[in-house]
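Subject: Handover of the model and notes on it

Dear colleague,

I would be glad if you read the notes with the coordinates open beside them.

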Amino acid sequence: MRRSISTLAIRIVWGLLCLTFSILIASDVVSFMKEPSQYPLGTELGWCYRSPRNYIGSGLLLVGWGLAGTLSSVFCERKHGRAALIGHFTATAAYIAYIFVKIINGSW
């Protein structure tokens, strides 16, 4: 089966976005471990800010999510690869929409 250029471009862009996201979150976790006093822990901003353990755990979870997106874009040609890529994109878009709605409503 021949790949279309647009499908390949979308896979590359999504994979690079997910990889960039993973690198940014990983560098934030490393910065947090070096200087935790610079972060608003103990505030009511959300679950991940309740303790250092929660912040590191949520950061590692997000790094894993970004790497899953990168891997799903790389292995898109495998048997269930397209479904994984579309599922990852849909779940990410739904979460971003959820955060956006919370910010708009002022409950973030």
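**Helices and what they bury**

Helix H1 runs to 30 residues and spans 43 Å from its first C-alpha to its last, close to the 44 Å expected at 1.5 Å a residue, where the expected span is 1.5 Å times one less than the number of residues in the helix. Helices here (H or I, at least four residues) are DSSP runs, numbered from the N terminus. Before going further, please note that this is a predicted model, in which local features need pLDDT of at least 70 and side-chain atom pairs count only at pLDDT 80 or more, while totals for chains, interfaces and linings use all residues. Residues are numbered from 1 along each chain as its sequence is written, and side-chain values use heavy atoms, with hydrogens and water left out.

The buried residues of H1 are Arg11, Trp14, Gly15, Cys18, Ser22, Ile25, Val29 and Phe32, with buried meaning under 20% relative accessible area, exposed over 50%, and partly exposed in between, for a 1.4 Å probe and protein chains only.

Helix H2 has 23 residues, and its reach of 33 Å from first C-alpha to last is close to the 33 Å expected at 1.5 Å a residue. Its buried residues are Asn54, Tyr55, Ser58, Gly59, Val63, Gly66, Gly69, Thr70, Ser72 and Ser73.

**Residues that link the helices**

Gly15 lies in helix H1 and is buried, because its relative accessible area is 8%. Gly15 and Thr70 are 55 residues apart in sequence, yet their C-alpha atoms are 4.2 Å apart in space. Leaving aside residues up to four places away in sequence, Gly15 touches Thr70 and Ser73, where contact means heavy atoms within 4.5 Å. Ile12, also a residue of helix H1, counts as partly exposed because its relative accessibility is 44%, and its C-alpha is 8.9 Å from that of Thr70, at a sequence separation of 58 residues.

In helix H2 we find Gly69, which is buried, with a relative accessible area of 0%. Not counting residues up to four places away in sequence, Gly69 touches Trp14, Cys18, Leu85 and His88. Gly69 and Arg82 are 13 residues apart in sequence and 11 Å apart from C-alpha to C-alpha. Asn54, another residue of helix H2, counts as buried because its relative accessibility is 15%, and, with the same exclusion of residues up to four places away in sequence, Asn54 touches Trp47 and Cys48.

**Pockets**

Grid points are joined across faces, edges and corners, and a volume is the space filled by probe spheres set on the points.

The largest pocket has a volume of about 850 Å³ and is lined by 28 residues, of which Phe21, Ser58, Leu62, Tyr95 and Ile99 lie nearest its centre. Helices H1 (5–34), H2 (52–74) and H3 (81–105) each supply at least two residues of this lining, and H3 gives the most, with 8 residues. The lining divides into 20 nonpolar, 6 polar and 2 charged residues, where Ala, Val, Leu, Ile, Met, Phe, Trp, Tyr, Cys and Pro count as nonpolar, Asp, Glu, Lys and Arg as charged, and the others, Gly among them, as polar.

The second largest pocket holds about 190 Å³ of space, and its lining divides into 8 nonpolar, 1 polar and 2 charged residues. Among the residues that line it are Trp14, Cys76, Arg82 and Phe89. H1 and H3 are the elements that give two or more residues to this lining, and the largest share, 6 residues, comes from H1.

**Cysteines**

The structure holds 0 disulfides, a disulfide being a pair of cysteine sulfur atoms within 2.5 Å. The sulfur of Cys48 is 19 Å from the closest cysteine sulfur, in Cys18, and therefore too far for a bond. Cys18 is buried at 5% relative accessible area, whereas Cys48 counts as partly exposed at 21% relative accessibility.

With best wishes

Note on methods: 1 Å grid on protein atoms, 1.4 Å probe; cavity = no way out; pocket = protein on both sides within 12 Å on 5 of 7 lines; lining within 4 Å.
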